[in-house]
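I opened the model to look up its strand pairing, its salt bridges and its surface charge. My entries follow in that order.

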Amino acid sequence: MKSYKDLYIYYLNKFNQKGLGKRPLLDIFEYVLNLDSNKIQLSKFPSKTNIFKYYKISNISKRVLNGYPLQYILKYSYFYGLKLYVNKNVLIPRDETEELVKWVIDENKGENLKILDLCSGSGCIGLALKYFNKSWDVELIDISKKANKVAKTAGTDTASSMKMMSATGVRLW
C-alpha cells in the first residue's frame, strides 16, 4: 500500500485521461478523509495511511471512472449554492437548471409569487426558489413518493417548511 499522495497522483492521471479533471477526485478525498480540498492540492495528506480509507478512495474512484455518478455515491449535489441530498431515485441537478432559477428570481424581485414545481424530483428548483425568497409560496409535486422523500430530506431548513405532495393517482388533466 502506498501513500495517499501516490494514490491521488495515480487517480488524477486516470481522471484526466477520461476528461473528468481533478474536481471529482478532490471531492472523493474530501469525503473519505474529511480534508479540505486546498490541503489535498497542497499535498498535505495525513501521514498515516488507513487501509480502509485507502481502499474506499480507490473503490469510489473506480466506480466514477466506470461512469457511476459521484453525486449518488456522496449522496449530495450542489445546486444554486445549496448542498442538497440526492440519490438514485432522482436526477442529479444540472447547471443549466440553475440558469432557470436565476432567471425566475431576477425577473420577479419584490413579487409575491405562488409556485407549483411539477415533477420536482430532487426539489432543487422549488427549494432554491423558496430558500432565496422566503415570502414565496412554493409547493412541490412528484408522482414518485421516493423522489418526494429525497426532496423532504434535501438538507436545508427550507425543505421542512414546504408543502410536498405525491401525485400518485391524481389526474392533472
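Helices (H or I, at least four residues) and strands (E, at least two) are DSSP runs, numbered from the N terminus. The model is predicted: local features need pLDDT of at least 70, side-chain atom pairs count only at pLDDT 80 or more, and totals for chains, interfaces and linings use all residues. Residues are numbered from 1 along each chain as its sequence is written, and side-chain values use heavy atoms, with hydrogens and water left out.

Entry: hairpin.
I found strand E1 (residues 76-79) paired with E2 in the antiparallel sense, over four bridges. Two residues separate E1 and E2 in this hairpin, and Tyr80 in the turn has a positive phi of about 50°. I looked up Tyr78 and got Lys83 in E2 as its bridge partner. On strand E2 (residues 82-85), Leu82 and Leu84 make up the covered face, while Lys83 and Tyr85 are on the uncovered one.

Entry: salt bridges.
I took a salt bridge as a side-chain nitrogen of Lys or Arg within 4 Å of a carboxyl oxygen of Asp or Glu. The search of the whole structure returned five. For exposure I used relative accessible area: buried is under 20%, exposed over 50%, partly exposed in between (1.4 Å probe, protein chains only).

Arg94 bridges to Glu96, with the closest N and O atoms 3.2 Å apart. I noted Arg94 as exposed at 52% and Glu96 as partly exposed at 46%.

Lys102 bridges to Asp106, with the closest N and O atoms 2.6 Å apart. Both lie in helix H6 (residues 95-107), four residues apart, or about one turn of the helix. Lys102 is partly exposed at 43%, and Asp106 is partly exposed at 34%.

Asp106 also takes a salt bridge from Lys109, where the closest N and O atoms are 3.9 Å apart. Lys109 is exposed at 60%. Elsewhere, salt bridges that share partners join Arg23, Asp27 and Glu30 into one network.

Entry: surface charge.
Which residues gather in a patch of positive charge on the surface? I listed Arg63, Lys75, Lys88 and Lys146. Patch members have over 30% relative accessible area and no salt bridge, and like charges are joined within 9 Å. I checked Lys146: this residue is in helix H8 (residues 145-152) and is exposed at 56% relative accessible area.

How values were computed:
Patches are made of residues with over 30% relative accessible area and no salt bridge: like charges are joined within 9 Å, nonpolar side chains (Val, Leu, Ile, Met, Phe, Trp, Tyr) within 5 Å. Accessible areas come from the Shrake-Rupley method with a 1.4 Å probe; for residues, only the protein chains shown count as cover. Lys and Arg count as positive and Asp and Glu as negative; His and the chain ends are not counted. The place of a charge is taken as NZ of Lys, CZ of Arg, CG of Asp or CD of Glu. Two strands pair if DSSP finds at least two bridges between them.
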